Every structure is written in structure tokens, then in C-alpha cells.
Amino acid sequence: MHSDRRPLIIGAGPAGLTASLELAKNGVAAQVFEASSNVGGLARTPGEHGFRVDPGGHRFFTKNEQILELWKSLLPAEEWHSVSRRSAMLVDGHFVPYPLLGRNLLTQLGYGRGARGLGSLLWSRLRRGGRSLDDSATFLEWGRYQFGNYWYRMFFDGYVRKTWLAEPAQLTSDWAEQRIKPIVWGGRDAMAADAFLYPRRGPGQLWDAAAAELAKFGVEPSLDSPVAKLGFDGRRWTVELRDGGSATGDAVFSSMPLQMLVNALEPAPPQHIWEAAAQLKHRGLITVAVALGQRRELPFNWVYTPGMDLRVGRIQNYRQWSDDLTPPEWDGTYLGFEYFIGAGSALWAADDDYMRQMVESDLHTLGFDPSAIERVMVVRSQFAYPICNPAMETSVAQIRDYLRKHYPSLHPIGRNGMHRYDNQDHAMLSAMHSVKRYFGESVDPWQVNKERRYHESGLLKV
């Protein structure tokens with residue numbers, strides 16, 4: 001190991017662990033500080049009594065061979081499943097497959113509603129005279145253009161309000177361009193060939209394996225070690241922890257939320273950088289995993305719930321991900337109810353009993369018998385998703401440029417560290433590029449995932 005190099009890494013999620021591994025492979029041992037009691041970040045897999053919880057649902061796909069090779073090196077082929085992606089939107093008791101297929105839209109909810117939706121879509125296109133939207137469009141404008149006002153309101157308006165906790169006109173269309181697929185008018189099922197990799201025991205299995213690999217290099221993340229301050233004297237960095245501990249190093253790789261990073265810096269950044277950081281918002285996520293003794297076939301990984309009759313924003317069907325998320329020979333239904341919360345939400349402080357009552361109400365609305373519940377597990381993720389509001393891009397650019405100029409040895413990485421709605425592979429790639437930059441290569445981690453219309457598909461092989 002290089003004794004003259006001592007980088008510090010804040011966060012042991014996918015980005016932080018990837019940076020640690022890349023450094024270790026190059027003979028550099030980093031010190032890793034993780035605020036929570038586990039590695040993996042949102043991609044952890046907590047569990048009890050044989051039931052495992054995947055908060056958020058994590059598909060493993062990538063267009064990058066280097067990322068795929070790292071995954072393969074950490075888990076052998078027999079520890080991976082190939083899973084066909086199947087999702088649906090629950091509307092008026094109908095499970096409408098997603099991506100939306102033209103034939104379903106025209107017939108599944110009744111021919112009258114189908115004709116109304118098609119007319120609305122044609123009108124949305126005609127009124128623009130063939131002109132497409134530019135990149136400044138809001139989500140509301142984008143949704144109406146892509147689906148017509150009728151289908152947009154049926155499938156997306158309520159869902160976005162529940163999950164993003166914002167007015168659709170106040171959200172940018174950037175994330176929608178990457179995450180929401182347009183209507184498919186062909187005769188084939190668009191998702192037939194859409195598959196992803198998934199560790200048998202959930203995403204945390206991969207990141208636990210990454211931590212075990214790091215231990216071989218003598219690197220063990222310090223858990224329950226939230227960072228309070230981050231000082232720089234012009235040559236060395238000092239990380240001060242909330243428990244009073246500290247560490248010094250020659251560089252910092254940070255996956256802590258970008259706003260928190262700015263607030264932790266000493267000397268403090270100028271006022272306009274503080275103001276830019278204050279514009280950055282997150283959504284939290286509370287995942288309530290419910291094991292039901294009754295078996296109910298539900299052939300979807302995810303069910304999206306745009307209707308206001310349900311409090312839940314999205315439901316995972318864990319048995320469609322992997323049977324190894326449940327105990328051996330258990331034959332019930334295992335679901336993950338996802339509740340999205342904003343900053344300061346009273347729901348964040350709600351206890352497990354309150355969350356159970358909320359789930360029981362949603363189960364009843366869905367036609368399940370709450371008395372069949374055998375187990376409930378509640379998993380809270382405070383900084384789950386950066387919010388893509390109009391101020392985000394400008395604010396992040398201001399902070400990025402300031403840090404580059406004044407702190408070239410400070411490397412923001414990952415979804416929260418860069419405040420970008422990235423997938424795991426993009427978070428990992430930003431860490432890889434940042435390590436290359438640390439070693440003097442001319443690469444720009446901020447150019448990762450800049451394709452506006454990058455869709456969620458990629459290599460699938462182990």
C-alpha cells in the first residue's frame with residue numbers, strides 16, 4: 001500500500017465502496033466513514049427471521065462492461081438471478097401493464113375510455129403543430145405531450161404527486177426522459193426481453209461482499225460514524241465525527257448529501273454557495289415489508305398506484321424478485337409497500353405501529369385480508385432520492401464549479417454526493433472516474449449519465 005496517500009471516504013453505499021475498492025486495487029488504503037449501522041446505503045438488504053427487505057427495489061443492469069465485471073468479481077454466477085421485468089399501473093381495479101401498450105389503453109379500461117384517451121393524445125400532438133418539446137419542459141408539459149392529458153392524468157399525475165410530493169409543473173422532465181417509457185403501439189409485449197440481474201438474497205448481498213473484499217486489503221468501514229465537520233488547511237483534510245473522533249487525509253471522496261457536505265465545510269463557503277445548497281431537496285422513503293400467510297399470484301415486480309384511494313405510492317412483489325428473500329418453504333405473499341416523504345414530514349417520526357395501521361388500510365383497499373399478516377418490517381431511508389426541481393441543475397452546477405476551483409482534492413460521488421438521480425451503475429462509475437482523477441487522469445465524473453434519453457436497459461450476462 002502507498003503509505004504517502006491516505007484518502008478519506010464518506011459513505012459506504014455503492015459509490016463509496018466502489019471508490020474504496022478501486023483505491024485498494026491501486027495500492028491505496030482509504031478510511032471509510034458510514035453514518036448508518038450497515039453498508040450498502042439504499043441498496044442494503046436488512047432482514048429478520050428469514051425475510052429480507054429491498055428498500056426501493058434494485059435492478060442490476062448496465063451498459064458499462066467495467067461495472068459488470070466488478071459485479072461478477074464480487075458474486076459468483078450462481079448467486080445471481082436473471083429476472084424479467086414486469087410492472088403494472090393499478091387503475092380502477094385493473095392492472096394495466098407498464099410500459100403502456102396501445103392495445104391495452106384502447107381496450108382494457110373500456111372502448112369508450114380508450115377512444116377518449118386516444119383523442120386526447122392526438123389533440124396534444126396536433127396543437128403543437130408537429131413541434132417536439134425542448135429540454136426545458138416541465139414534467140406536466142412532458143406528460144401531456146407524451147400521453148395526452150387524459151392518459152397523463154389517469155396514470156401519472158397522481159403517482160407523481162404521491163411519490164415526488166410536488167406539483168408536476170414544478171418538476172423538470174429530465175428524470176422522466178430516462179425513467180418513463182412512451183406508449184408502445186406495436187403488437188409485441190415491450191417488456192418481453194427486458195430483464196435484469198438480481199442477487200439471490202437482495203442487493204445488500206453484493207455490497208456485503210464488497211465490504212468483505214475490502215477487508216482483504218485491510219480496509220473496514222467505520223459504521224455509525226456520521227461526519228460533523230470537514231476541514232481543509234490548504235494541504236490536508238480533517239474529518240471530524242459527531243462522536244468526537246477525527247481523521248486526516250490527502251483527499252476526500254464524499255457520497256454524503258451534497259447540501260450536507262457544503263454545510264460541513266470549514267472554512268465555510270461564501271453565502272451564494274450556501275444559498276445554492278439550500279435549494280437541494282430530497283425525498284425520504286419508508287418501506288414496509290408485509291408477509292401474508294395467504295398466497296396471491298401477482299405477476300409483477302412493481303405495482304404503481306396513482307389513485308388517491310391508496311396511501312402507498314408503489315408496491316414491490318418480493319417473490320417476483322427472488323424467492324430467497326423469504327424463508328425456505330414459506331409459501332405466502334411477500335410485499336413491500338413504499339411510502340414517500342418530504343423533509344419535515346410527520347410520517348418520518350411515526351412509529352412502527354402507526355405504519356402497520358397504514359399498511360393494513362391499504363391492504364384492505366387492495367382486497368387483502370389484513371388478518372393474514374404474519375410479519376411486518378419497517379425500513380426507513382431518509383435521503384433516498386434527490387428531487388429534480390428547476391433549481392437543481394443551476395444550484396448543483398454552482399456548487400460543483402466552486403468545489404472544483406477551491407477544493408480540487410474533494411470528490412463528490414454517487415447519487416447523493418452529486419445530487420443526481422443516478423442508478424447504481426452510474427453512482428459506481430462516478431466513483432471509478434473520481435479515483436482515476438485522484439491518480440492524475442483527465443476524466444470528468446460529472447459527465448457520467450449525461451444522456452438525456454438513457455433508458456434502463458443494458459448488458460445482461462454473468
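Guide: Contact means heavy atoms within 4.5 Å. Axes are lines fitted to C-alpha atoms, for helices over the stretch in contact, and angles run from 0 to 180 degrees between N-to-C directions. Helices (H or I, at least four residues) and strands (E, at least two) are DSSP runs, numbered from the N terminus. The model is predicted: local features need pLDDT of at least 70 and side-chain atom pairs pLDDT 80 or more, while totals for chains, interfaces and linings use all residues. Residues are numbered from 1 along each chain as its sequence is written, and side-chain values use heavy atoms, without hydrogens and water.

Visitor: In what order do the seven strands form the open sheet?

Guide: Strands of a sheet pair through backbone hydrogen bonds, either parallel or antiparallel. Two strands count as paired if DSSP finds at least two bridges between them. Here the order is β7-β6-β15-β16-β17-β14-β18, with mixed pairing. Because β7 (94-98) and β18 (373-386) each have a single partner strand, one side of each is left without a neighbour in the sheet. Strands β6 (87-91) and β15 (302-304) pair in the parallel sense over three bridges, and S87 has W302 as its bridge partner.

Visitor: Which strands does α5 lie across?

Guide: Helix α5 lies across β6, β7, β14, β15, β16, β17 and β18, at about 100° to β6.

Visitor: How many residues has the largest nonpolar core?

Guide: Such a core is a set of buried (under 20% relative accessible area, 1.4 Å probe, protein chains only) Ala, Val, Leu, Ile, Met, Phe, Trp, Tyr and Cys residues joined through side-chain atoms within 4.5 Å. The largest has 85 residues, and F156 is among those with the most contacts inside it. Helix α5 (139-164) gives the most, with 14 residues.

Terms used:
Buried means under 20% relative accessible area, exposed over 50%, partly exposed in between (1.4 Å probe, protein chains only).
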